[in-house]
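Please look over the chain shown here before reading on. The notes that follow are grouped by topic and are meant to be read beside the structure.

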Amino acid sequence: MTGARAPAGPNDPTGGAAPRPAGGAVGVPTPHLATLFAALRSRFPTLVERTYFATHCLGPILDTALADLEEYRRTLPLRNRVIEVWLDRIDEIRGLFAQLIGAERDEIALGANATACHASVAAAIDPGLGSAPARTRIVTTSLDFPSTRYLWQAQARRGFELIEVASPDGVAMPADALVAAIDDRVAVVAVSLVAYTNGALLRAREVIDAAHAAGAIVVLDAYQAIGIVPIDVRALGADVVIAGTHKWLHGASNGLAFAYVRRALADRLTPAYPGWFSHARMLDYEPSYAPAPGARRFEQGSTSVEAVYAARAGVRFAIEVGVEAIRARSLVLSDHLVAGADALGIPLGTPRDHAARAGVMCLGVRDPGRVAEQLRTRGIDVDTRPGTGIRLSLHPCNLHDEVDRVLAELRRHR
């Protein structure tokens, strides 16, 4: 089944990426989504073995990912005879990422991780010291992932000034405050589409429109969004979108990420740290660098082939099933969890509004580390981060009975 995107609307946080408000997604009525994903559940060995609510940390593995890794193992003894096959697989994964987000293949660059992708793009953007006014500001938020916050903070050594916008309540993404912070001194707005802490979803289109009106570039970190929030980069108007595979895309390795870079932007940026994969004619082994057209100029050395084999099945799953359907089913399950938590008097640390949250729910239990450990000993996988309570992902192949089970355990702990 191939998903068709909902048309963009003025209130869609991701420019047409929000699910249909009623009647299901991709043509599947909401009552039938449970049947659809129950049938797909057996494809995830982890979900069969455990009550698994930790996709936001490490997504459950598909059986076809294990088969792809076995195929990779069989290629290893071939050594240089398999190089062309590996290069074809690398090109294939670029195309799958492009298909998933509505981009062109040459707008996708591969990286070892999201921070490496951020760094490659960031290093190609110089502070506009000669402009009037000088474009020396980078705007981020307090809810961005620490690794990218560290990277953007480090740009102060290159002449940038970091403006970190706080969440208004420690829960919601600060869209209004971001818009207010953007002016013609801003070079880059570097923000997360979904907060890693609690699944809060940014009203990204408003921020992107404000940034573009001020002449700034938007670098959108979509790692916690890809595979659970539908993303159409054309409708979104994004400049750069960075994501990876080992969470909601069910990758078996955390060694692969990608950057979408809008073609017109890519062609006017020169990589500061290129490598042979970013050369226009990489297999000609020329002595001097010539940047590849499009986003591939932001790649560097050889891509991890094992990580490519480990990633393909999850991207295919998202494309074939449809991220709209995945999100719609996850929201049904998370609403069931919220209702149960409310009945127990457990505070919610995630926005309630569907338009303001993705796939992670935070419950404000006391001593969350102890609760998470006790749940694990009973076969229920959750996690916690400082200040979040316990975090639970609602995977579309989870069952209502599993949500009821974790609620029963929380009732017992109380």
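**Briefing on the predicted model**

Histidine 250 has its place in the loop between strand S7 (240-244) and S8.

**Loop residues with positive phi**

- Histidine 250 has a phi near 60°, which is a positive value in a residue other than glycine, and with a relative accessible area of 3% this histidine is buried.
- Aspartate 367, found in the loop between strand S9 (360-363) and helix H13 (368-377), also shows a positive phi, of about 50°, although it is not a glycine.
- Aspartate 367 is partly exposed, its relative accessible area being 44%.

**The sheet and its edges**

- An open sheet is formed by 7 strands, which follow one another in the order S2-S8-S7-S6-S5-S3-S4 with mixed pairing.
- Strand S2 (108-111) and strand S4 (161-165) stand at the edges and have a single partner strand each, so one side of each remains without a neighbour in the sheet.
- From one strand to the next, the twist averages 20°.
- In general, the strands of a sheet pair through backbone hydrogen bonds, in either a parallel or an antiparallel manner.

**Strand S2 and what surrounds it**

- S2 pairs with strand S8 (residues 257-261) in the antiparallel sense, over 4 bridges.
- Within this pairing, leucine 110 stands opposite phenylalanine 258 in S8, while alanine 109 stands opposite alanine 259 in S8.
- The side chains of which residues point which way from S2, and are they buried or exposed? Ile108 and Leu110 point one way, Ala109 and Gly111 point the other way, and all are buried.
- Helix H4 (residues 83-101) lies across S2 and S8 and runs at about 120° to S2.

- Aspartate 91 forms a salt bridge with arginine 94, with the closest N and O atoms 3.6 Å apart; both residues lie in helix H4, 3 residues apart, which is about one turn of the helix.
- Arginine 105 is partly exposed, and its relative accessible area is 39%.
- Salt bridges that share partners also join Asp68, Glu71, Arg89, Glu92, Arg312 and Arg316 into one network.

- The model's count of salt bridges comes to 34, and one of them joins glutamate 402 to arginine 41, the closest N and O atoms being 2.9 Å apart.
- This pair links distant parts of the chain, since glutamate 402 lies in helix H14 (residues 400-413) and arginine 41 in the loop between helix H1 (30-40) and helix H2 (45-49), 361 residues apart.
- Are the two partners buried or exposed? Glutamate 402 is buried, with a relative accessible area of 7%, and arginine 41 likewise counts as buried, at 15% relative accessibility.

**A nonpolar surface patch**

- Trp276, Leu283 and Tyr285 make a nonpolar surface patch of about 350 Å².
- Tryptophan 276 lies in the loop between helix H10 (263-268) and helix H11 (305-321), and counts as partly exposed because its relative accessibility is 34%.

**Isoleucine 125**

- Isoleucine 125 is found in the loop between helix H5 (114-122) and strand S3 (137-141), and is buried, with a relative accessible area of 6%.
- Leaving aside neighbours within four places in sequence, isoleucine 125 is in contact with Arg158, Phe160, Val188, Ile217 and Leu269.
- By contrast, the C-alpha atoms of isoleucine 125 and arginine 414, which are 289 residues apart along the chain, are separated by 52 Å.

Technical notes:
Residues numbered from 1 in each chain as written. Predicted model: local features only at pLDDT ≥ 70, side-chain atom pairs only at ≥ 80, totals over all residues. Heavy atoms only, no water. Pairing = 2+ DSSP bridges. Helix = DSSP H or I, 4+ residues; strand = E, 2+ residues; numbered from the N terminus. Axes fitted to C-alpha atoms, helices over the stretch in contact; angles between N-to-C directions. Contact = heavy atoms within 4.5 Å. Patch = residues over 30% accessible without salt bridge, like charges linked within 9 Å, V, L, I, M, F, W, Y side chains within 5 Å. Areas by Shrake-Rupley, 256 points an atom, 1.4 Å probe, with all protein chains shown as cover. Salt bridge = Lys/Arg side-chain N within 4 Å of Asp/Glu carboxyl O. Buried < 20%, exposed > 50% of the residue type's maximum accessible area, 1.4 Å probe, protein only.
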